[in-house]
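Keep the viewer open while you read.

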Amino acid sequence: QKGVEVSGEGGSTLLDDAGVNLILAGLRLADHPGDSAAAFHVRISPLGPVVGLEDDSKLHAEATARRIRRELLEEGYGRVLDRWARTLIPYADARGRARLSQLCTLADRHGPRATLRPGDFVEMVQTVRVEEPSPARVRVMTIHAAKGLEFDAVVLPELAGKMFPRPPIVTVQRPIPTEPPTAVYAGARQAIRDLCPELTDAHRQHEDRQLRDELCTLYVAMTRARYALHMFAPPQKRNKNHDLAKRQLSQAGIVIEGLRQHDEPAGDEIQSEAGHVLYQDGDSDWATSLRHKTPSTPEASAATERTLGMTLALPVVQSREETGLLDRRAWPRVSPSALEKRSVIPAANLLAVAPRDDSPAPGNLTRQHGLQRGRLWHLWLSMVEWLNGDAPLPTDTQWLNAAARELGPQPAGEDWSALATELRQKLRMPGLRQVLTRPIDLQHTDLWRERRFAVRLRDTLVTGIFDRVVVHRRDGVPVSAELWDYKTDHLPDGPASIAKLIDVYRPQMLAYRDALAAMLKLSSSSITAQLLFLNEQGKQAEQTIKN
């Protein structure tokens with residue numbers, strides 16, 4: 001309606017068009033001559049004269065139904081529906097004409113599978129989803145179809161559907177999710193389930209699976225956006241006492257509950273008003289920031305490299321063959337970061353909401369800003385191949401800011417120039433400088449930076465990214481390796497607290513070490529895995545993760 005070209009890639013049924021529904025009414029009449037609603041629909045439309053339906057008598061409807069069935073049998077669905085669609089084209093808009101064309105395409109494909117019952121074709125049209133791909137920049141699709149993709153801006157307009165709209169027809173009982181079911185029960189009401197523990201357990205398993213699927217879908221939807229995410233939720237209704245009705249379990253309800261702790265005391269009242277913005281954060285003018293970002297050129301990078309006192313190069317991306325990734329879709333996947341002892345993410349963190357305290361202290365950065373900061377440190381450190389001995393550290397922050405802009409607009413409250421200055425301070429730390437300094441025997445050393453990997457360990461596919469790995473070779477064969485992982489956590493006070501933080505990351509580092517050992521065909525004892533903690537105050541802690 002606004003004249004914006006849209007590419008429909010998620011697929012939807014053709015039932016949203018009046019012309020398609022009119023043609024389906026004609027086919028319903030052919031299948032059930034006594035369907036008075038279908039006969040009325042056809043008779044008062046431009047399709048009535050085409051099929052010869054001129055009055056509302058039962059005998060006339062039966063004669064029309066026989067004539068339609070004979071034409072379908074003799075000419076086929078494709079030719080008959082094409083003739084009907086041409087009659088309706090003058091009454092349709094551009095989208096309606098496209099829908100009629102798609103219906104005719106389905107009719108042609110249905111020909112070899114056609115039966116004597118036109119209702120079979122109607123049922124097929126009601127269930128088949130048809131895509132409308134086009135070069136348009138605005139793309140509309142289902143959340144499932146968007147998995148694995150990214151977009152500058154994402155709009156989620158339909159989050160209010162109930163997670164449990166109706167009782168299940170059947171419930172399945174499985175002691176282990178991946179094992180075959182031990183029992184299948186007919187869906188039962190709560191009163192009946194209370195009489196049978198097996199029914200209760202099967203119903204609970206059904207709700208657990210459905211809830212997990214809904215949460216995964218919501219997570220996928222919220223993580224498709226690079227710069228802007230817009231989510232819509234309907235306002236709460238009021239009951240007959242004018243009190244706010246209980247919020248239903250839905251994706252929208254989960255989002256609102258995740259924001260509840262950040263609302264003002266009258267937050268529930270505000271949520272009942274249509275058009276109110278519940279929460280917003282970040283740079284609303286992100287598109288302008290992107291238009292003004294400075295493009296990087298090979299010439300500028302080369303000129304900058306000569307003045308920095310360090311070697312700059314792009315990170316190495318490992319190929320599929322190098323990772324040892326085989327074509328085994330059935331293997332369960334796990335990433336080392338998922339093995340952290342604190343891998344459960346609170347809903348508020350998933351929403352990346354800011355604390356209610358708006359003070360500018362560093363600890364009050366949102367989780368989103370913290371993640372952006374972490375990505376920025378990893379990006380900058382991945383650009384450093386080797387520090388050139390005692391060469392001076394960089395003083396020009398232009399290349400750092402240009403690299404930072406590749407991650408997106410600068411978050412509110414962040415200063416990339418200040419972070420660049422902080423980076424130079426970190427590069428003076430003895431521990432980090434030792435890690436980044438060029439080794440004496442460079443010819444027998446391989447360096448990996450931000451290198452992706454996928455390795456089979458027993459019956460699990462371990463995937464992730466190595467921050468920095470140095471491989472030592474003898475006669476071209478790996479003999480040992482050093483693995484470093486950067487962490488930007490705020491270090492707690494006291495050795496005991498630091499040791500506890502290290503223990504959080506221990507499973508992750510051991511998984512990195514085992515994956516690297518499998519890739520290099522080395523024993524785990526030949527690989528050192530170290531954490532490098534770099535906090536905002538310039539403190540550093542290193543800890544070798546040993547067996």
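Is E450 buried, partly exposed or exposed? E450 has a relative accessible area of 21%, so with burial defined as under 20% it counts as partly exposed. Bear in mind that this is a predicted model.

**The chain as a whole**

Let's zoom out for a moment. The protein chain has 547 residues, and 39% of them count as buried. Its secondary structure comes to 20 helices and 15 strands. If you take contacts between residues at least 6 apart in sequence, 68% of them join residues at least 24 apart. There are zero disulfides in the structure.

In soluble globular proteins, nonpolar side chains tend to be buried together. Here the largest nonpolar core has 34 residues, and the members touching the most other members are I23, L27, L81, W84, L103 and F121. Two or more residues each come from α1 (18–31), α2 (36–43), α3 (47–51), α4 (58–75), α5 (77–88), α6 (94–110) and α7 (118–127). The top contributor is α1, with eight residues.

Setting aside residues up to four places away in sequence, L27 touches L72, L81, W84, P118, F121 and V122. There is also a second, separate core: it has 26 residues, among them V455, A515, A529 and F533.

**How α1 meets α7**

The axes of α1 and α7 come within 8 Å and cross at roughly 145°, and the crossing is left-handed. On the α1 side the contact is made by L24, L27, R28, A30 and D31, while α7 brings P118, G119, F121, V122, V125 and Q126. Sorted by type, the residues of this contact are seven nonpolar, two polar and two charged.

Which residues of α7 are buried? They are P118, G119, F121, V122, M124 and V125. What do the buried residues of α7 pack against? Their partners are α1, α4, α5 and α6.

Now for some residues that have contacts beyond their sequence neighbours.

| Pair | Separation in sequence | C-alpha to C-alpha distance |
|---|---|---|
| A136 and V6 | 130 residues | 5.3 Å |
| H206 and P168 | 38 residues | 8.3 Å |
| L447 and V469 | 22 residues | 5.8 Å |

A136 sits in the loop between β2 (130–132) and β3 (138–140). Is A136 buried or exposed? Its relative accessible area is 13%, so A136 falls under the 20% cut-off and is buried. Leaving out residues up to four places away in sequence, A136 touches E5, V6 and S7.

H206 belongs to helix α9 (residues 197–222). Apart from neighbours within four places in sequence, H206 is in contact with P168 and T171.

L447 is part of strand β11. At 15% relative accessibility, L447 counts as buried.

**Two backbone angles to look at**

Most residues other than glycine have a negative phi. Which brings us back to E450: its phi is near 50°, a positive value in a residue other than glycine. E450 is found in strand β11 (residues 445–457).

K521 also has a positive phi, near 60°, and again the residue is not glycine. Where does K521 lie? Look in the loop between α20 (495–520) and β14 (527–534). K521 has 75% relative accessibility, so K521 is over the 50% cut-off and counts as exposed.

How values were computed:
Residues are numbered from 1 along each chain as its sequence is written. This is a predicted model: local features need pLDDT of at least 70, side-chain atom pairs count only at pLDDT 80 or more; totals for chains, interfaces and linings use all residues. Side-chain values use heavy atoms; hydrogens and water are left out. A nonpolar core is a set of buried Ala, Val, Leu, Ile, Met, Phe, Trp, Tyr and Cys residues joined through side-chain atoms within 4.5 Å. Buried means under 20% relative accessible area, exposed over 50%, partly exposed in between (1.4 Å probe, protein chains only). Helices (H or I, at least four residues) and strands (E, at least two) are DSSP runs, numbered from the N terminus. Contact means heavy atoms within 4.5 Å. Axes are lines fitted to C-alpha atoms, for helices over the stretch in contact, and angles run from 0 to 180 degrees between N-to-C directions. A crossing is left-handed if the near helix is turned anticlockwise from the far one by less than a right angle, and right-handed if clockwise. Ala, Val, Leu, Ile, Met, Phe, Trp, Tyr, Cys and Pro count as nonpolar, Asp, Glu, Lys and Arg as charged, and the others, Gly among them, as polar. A disulfide is a pair of cysteine sulfur atoms within 2.5 Å.
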